[in-house]
Amino acid sequence: MAVLDKGKWYPNKDVSELSKEDSFHLPEIAAAGRYHLYMSYACPFAHRPYLVINLLELDHVITTSSVAAKRYSDGWLFDNENPDAINGAQNLVELYQQANPNYSGRVTVPVLWDKQQKAIVGDDSSSMAMDLATKWLPLAKNPIELVPENLKEDIASLNNWLHVNVNRKVYQVGFATDQTSYDIATEVLFDALEQLNVRLGKSRYLHGGEMTLSDLFLLPSLVRFEAVYEVHFKANKKQLKSFENLYRYMLDLVAIPKIRETIDLDYIKLHYYFSHKHINPNGIVPAGPEISW
Ligand SMILES: N[C@@H](CCC(=O)N[C@@H](CS)C(=O)NCC(=O)O)C(=O)O
């Protein structure tokens, strides 16, 4: 696995040898103009905070940018199309090293960068999305209450369930190196999709008639399903389209312009098919499938 260990970059290291995993602390209070979100249009986890920022129209108080689509052994890079306008870095490793010269751990997107301290203040998408949807709500131009007080615990608990059974599970399907692991992960993933399909037969959104943060945790996996997961990850026990309620729900969400504009399917395909050489050695990006939405 590609990691930093005490500030030194290892493109392929046994993580059990890692000294420790450093973490960051998100700001207690929102502050207009102070923070920048580094994300990747490809990453379903980075998509969470990016969706909250775009949908709630927080982009006048917090800037965002993406890393380059193609990922090599030196991790996430910036390029001419996706430059680092904040720090002028060549790659994300540099920013982790600048923020903490002794950092040990993975170098991942999303990253919340504090322009004042010149430091990383968060690299966990779940808590970042939660804070943006709550602590930052008073600064939003489109203040949709994604985490109403009476649903707070249900939302947190469903978000965890989605993370384990859908968002991460699809990677366990795609990166399985033996048949049994693939079969087990597939079973769990498709069982979860079935449960969600039933749930969405009873209500428009996951927690009822109003959109919540849980919907913004499920959606990133759904929009990558046909173009990437069904083909590249072999997550094709059933087609997403055959889960009628789930599919209707996805179409309903992507019809919202502030959501649709966060999805770049060309970038997503280029990233996954080009970068995962262990499962697609020649890096060929398929022409299809045709996406109807
Ligand atoms: N802690 C992270 C994990 C996010 C994550 O796994 N990001 C992936 C891209 S989808 C990444 O940057 N992987 C690079 C690596 O693991 O080296 C979160 O949920 O925010």
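Residues are numbered from 1 along each chain as its sequence is written. Because the model is predicted, local features need pLDDT of at least 70 and side-chain atom pairs count only at pLDDT 80 or more, whereas totals for chains, interfaces and linings use all residues.

The protein is divided into domain 1 (3-139) and domain 2 (149-257), with bounds that come from an automatic or database domain assignment. The C-alpha centres of domain 1 and domain 2 lie 24 Å apart, and their contact takes ten residues from domain 1 and nine residues from domain 2, where two residues are in contact if their C-beta atoms, placed from the backbone, lie within 7 Å. On the side of domain 1 that touches domain 2, the elements giving two or more residues are α1 (44-55) and α3 (125-134), of which α1 gives the most, with six residues. Helices (H or I, at least four residues) and strands (E, at least two) are DSSP runs, numbered from the N terminus.

Helix α6 (residues 179-199) has 21 residues and should span 30 Å, which agrees with the 30 Å between its end C-alpha atoms; the expected span is 1.5 Å times one less than the number of residues. In α6, Ala185, Thr186, Leu189, Leu193 and Leu196 are buried, and because they cover an arc of only 105 degrees around the axis, they lie on the same side of α6. The arc is that of the directions from the helix axis to the C-beta atoms. On the other side of α6, Gln179, Thr180, Asp183 and Val198 are exposed. A residue is buried if 20 or more other C-beta atoms, placed from the backbone, lie within 10 Å of its own, exposed if 12 or fewer, and partly exposed in between. The buried residues of α6 pack against α4 (152-167), α5 (169-174), α7 (213-229) and α8 (244-254).

Val109 and Pro110 are joined by a cis peptide bond with omega of about 0 degrees, and Pro110 lies in the loop between β5 (105-106) and β6 (111-114).

Glu57, in the loop between α1 and β4 (63-66), has a phi near 55 degrees, a positive value in a residue other than glycine. Glu57 is partly exposed, with 15 other C-beta atoms within 10 Å.
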